Amino acid sequence: MLNREHVLRTAIAIADAEGLDAVSMRRLAAELGTGPMSLYRHVTGKDELMTQMADEVFGEADLPASGPEEWRARLELISRRQDRLHPRPAHGRSPRGRGEM
């Protein structure tokens, strides 16, 4: 059954495997075995899809209750946890798009 969660999980899986540039409405629809227009019942477009993917991914990581007091060290800890949840694709390219952090 096609629902928002399934759409987001599939889009995240594509990004994890092939990089963020590989995620498009057409590519996502093909992976889900449906037409691209059916995705617009769940997201208004690619920008919203990317925003919701980020919300979903960042919501997965447990933020440390305690840890380093220095903000950079804490941010690095969070980043390393996030990278374990969603590692870079096998070909070494970052799953992020050009110019994005």
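Me: Let's start with Thr10. Is Thr10 buried or exposed?
Reply: This is a predicted model. In it, Thr10 has a relative accessibility of 12%, and because anything under 20% counts as buried, Thr10 is buried.

Me: Where does Thr10 lie?
Reply: Thr10 is part of helix α1, which covers residues 4-18.

Me: And which residues is Thr10 in contact with, leaving aside neighbours within four places in sequence?
Reply: Those are Leu28, Glu31 and Leu32.

Me: OK, what about the helices: at what angle do α1 and α2 pack?
Reply: Helix α2 is residues 25-32, and α1 packs with α2 at about 110 degrees, with the axes 10 Å apart. Angles of 65 to 115 degrees count as roughly perpendicular, so that is what α1 and α2 are to each other.

Me: Which residues make the contact?
Reply: From α1 you have His6, Val7, Thr10, Ala11, Ile14 and Glu18. On the α2 side they are Arg27, Leu28, Glu31 and Leu32.

Me: How do the residues of that contact divide?
Reply: Five are nonpolar, two are polar and three are charged.

Me: Switching to the whole protein, what is the secondary structure?
Reply: Four helices and zero strands. Along the sequence the pattern reads α-α-α-α.

Me: What share of the residues is buried?
Reply: Buried residues make up 28% of the 101 residues.

How values were computed:
Residues numbered from 1 in each chain as written. Predicted model: local features only at pLDDT ≥ 70, side-chain atom pairs only at ≥ 80, totals over all residues. Heavy atoms only, no water. Helix = DSSP H or I, 4+ residues; strand = E, 2+ residues; numbered from the N terminus. Buried < 20%, exposed > 50% of the residue type's maximum accessible area, 1.4 Å probe, protein only. Contact = heavy atoms within 4.5 Å. Axes fitted to C-alpha atoms, helices over the stretch in contact; angles between N-to-C directions. Parallel < 35°, antiparallel > 145°, perpendicular 65-115°, else oblique. Nonpolar A, V, L, I, M, F, W, Y, C, P; charged D, E, K, R; others polar.
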